[in-house]
Amino acid sequence: MNDPLIIAGTQIRSRFFLGTGKFSSYPLMRDSIEASGAHVVTVALRRIDPTQEQENILGFIPKGCLVMVNTSGARNAEEAVRIAHLGRAMGCGPWVKIEVIADQRYLLPDNAETIKAARQLASEGFVVMPYMNPDLSDAKRLQDAGVASVMPLGAPIGTNKGVLTRDMIRILVESLNVPVIVDAGIGRPSHAAEAMELGAAAVLSNTAVAVSPDPAATARAFALAVEAGRLAYRAGISPSRDNPEASSPLTGFLH
Amino acid sequence: MRVCLNGKEMDVAAGTSLSDFLKTMKIDGQRVVVEYNGRILAASRLWEAVCLTENDRVELLSFVGGG
């Protein structure tokens, strides 16, 4: 089945995107990326500690991966734009995941500031992938701003609660032209499969993989679940019904 | 003279170039991005041309794991 995911003219080899945070080591992170076959991975930008020797994370990201800087740490559009510019100056290309979080309790994204940052960065030629709280009006504003996708949360970051926002995700999938990539809250492969069954173009997970007892195996499980969910979506999901209907025909001899 | 590196004040000899400043701290120029008084200085040749002055703000950043 020919079902490519194409974002900003680039064919993405896997609909499973992997975040690189929270891994206990860079080698474990690398093994997880390889085990899952993830093509798009995210990184953050932080101050270095000049007193400490630090490994270069890029040395542990397999060649051929598309590295997308996230603007985590930004509390407003201006900070997000600043981080995007810094990330691009580091040479990681024009892809940027806009993440603007002023709310430190629930870590929910600020859609208004995200839209502001998206407008500016899209006009500067960035491939903008905005993390957002799923809201149709805001998603349409982002689409109009020229983003490459929208990335609505399934549940708050790090909660592993799954696709709590399923009805909103379905509405976005039905209403938008840009790919909908569910990001945050995806705690199990079955959550990832559900997101794909709803019609998401891809899923991003980080915490569930990085903190699992076997991150590489978990990463592979997620990738398989994403593939299964996508196949099911394309094949057509049977609707649920209230009245049971037998799967086998009547016997004709017992009753 | 005092300059601010990654939010912390430090003493630096007057006339030090940004590139010497990084060398003294053994910073690998390949894996950092430099923001100097709010401006991104992407190329290392630019670092040689910059002479630090009192109260300069230098940010040194690099990629780390993130979701």
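The model is predicted. Chain B puts 20 residues in contact with 29 residues of chain A. About 2200 Å² is buried between the two chains. Strand S5 (57–65) of chain B gives the most residues to the B side, seven in number.

**Interface: area and make-up**

- The size of an interface is often given as the accessible area lost when the parts come together.
- Here the area buried between chain B and chain A is about 2200 Å², and carbon and sulfur atoms give 63% of that.
- In chain B, the residues that lose the most area to chain A are B:Arg31, B:Phe63 and B:Gly67, and together they account for 36% of what that side buries.
- The rule finds two salt bridges across the interface of chain B and chain A.
- B:Glu59 forms a salt bridge with A:Arg47, with the closest N and O atoms 2.7 Å apart.
- On the side of chain B that touches chain A, the elements giving two or more residues are strand S3 (33–36) and strand S5 (57–65) of chain B.
- S5(B) gives the most to that side, with seven residues.
- By class, the side of chain B that touches chain A has eleven nonpolar, six polar and three charged residues.

**Strand pairing between the chains**

- Strand S4 (residues 40–47) of chain A is joined to S5(B) by five bridges.
- The two strands run antiparallel.
- Within this pairing, B:Ser62 in S5(B) stands opposite A:Arg46.

- B:Glu35 lies in strand S3 of chain B.
- B:Glu35 counts as buried because its relative accessible area is 4%, under the 20% cut-off.
- Leaving out residues up to four places away in sequence, B:Glu35 touches A:Arg82 and A:Leu86 in chain A, and B:Ile40, B:Arg57, B:Val58 and B:Glu59 in chain B.
- The side chain of B:Glu35 makes a polar contact with the side chain of A:Arg82, at 2.6 Å.
- B:Glu35 and B:Ser17 are 18 residues apart in sequence; C-alpha to C-alpha, they are 14 Å apart in space.

**Strand S10 of chain A**

- In a regular strand the side chains alternate between the two faces of the sheet.
- In strand S10 (residues 202–205) of chain A, A:Ala202 and A:Leu204 point one way, while A:Val203 and A:Ser205 point the other way.
- All four of these residues are buried.
- S10(A) pairs with strand S3 (residues 16–19) of chain A in the parallel sense, over three bridges.
- S10(A) also pairs with strand S9 (residues 181–183) of chain A in the parallel sense, over three bridges.
- A:Leu204 is the bridge partner of A:Phe17 and of A:Asp183.

- A:Asn160 has a positive phi of about 55° although it is not a glycine.
- A:Asn160 sits in the loop between strand S8 (151–152) and helix H5 (166–175) of chain A.
- A:Asn160 is partly exposed, with a relative accessible area of 30%.
- B:Asn37 is not a glycine either, yet has a positive phi of about 50°.
- B:Asn37 is found in the loop between S3 and strand S4 (39–41) of chain B.
- B:Asn37 is partly exposed, with a relative accessible area of 30%.

Technical notes:
Residues numbered from 1 in each chain as written. Chains lettered and ligands numbered in written order. Predicted model: local features only at pLDDT ≥ 70, side-chain atom pairs only at ≥ 80, totals over all residues. Heavy atoms only, no water. Contact = heavy atoms within 4.5 Å. Buried area = accessible area lost by both parts, 1.4 Å probe. Salt bridge = Lys/Arg side-chain N within 4 Å of Asp/Glu carboxyl O. Helix = DSSP H or I, 4+ residues; strand = E, 2+ residues; numbered from the N terminus. Nonpolar A, V, L, I, M, F, W, Y, C, P; charged D, E, K, R; others polar. Pairing = 2+ DSSP bridges. Buried < 20%, exposed > 50% of the residue type's maximum accessible area, 1.4 Å probe, protein only. Polar contact = N/O pair within 3.5 Å; in protein donor to acceptor, adjacent residues only side chain to side chain.
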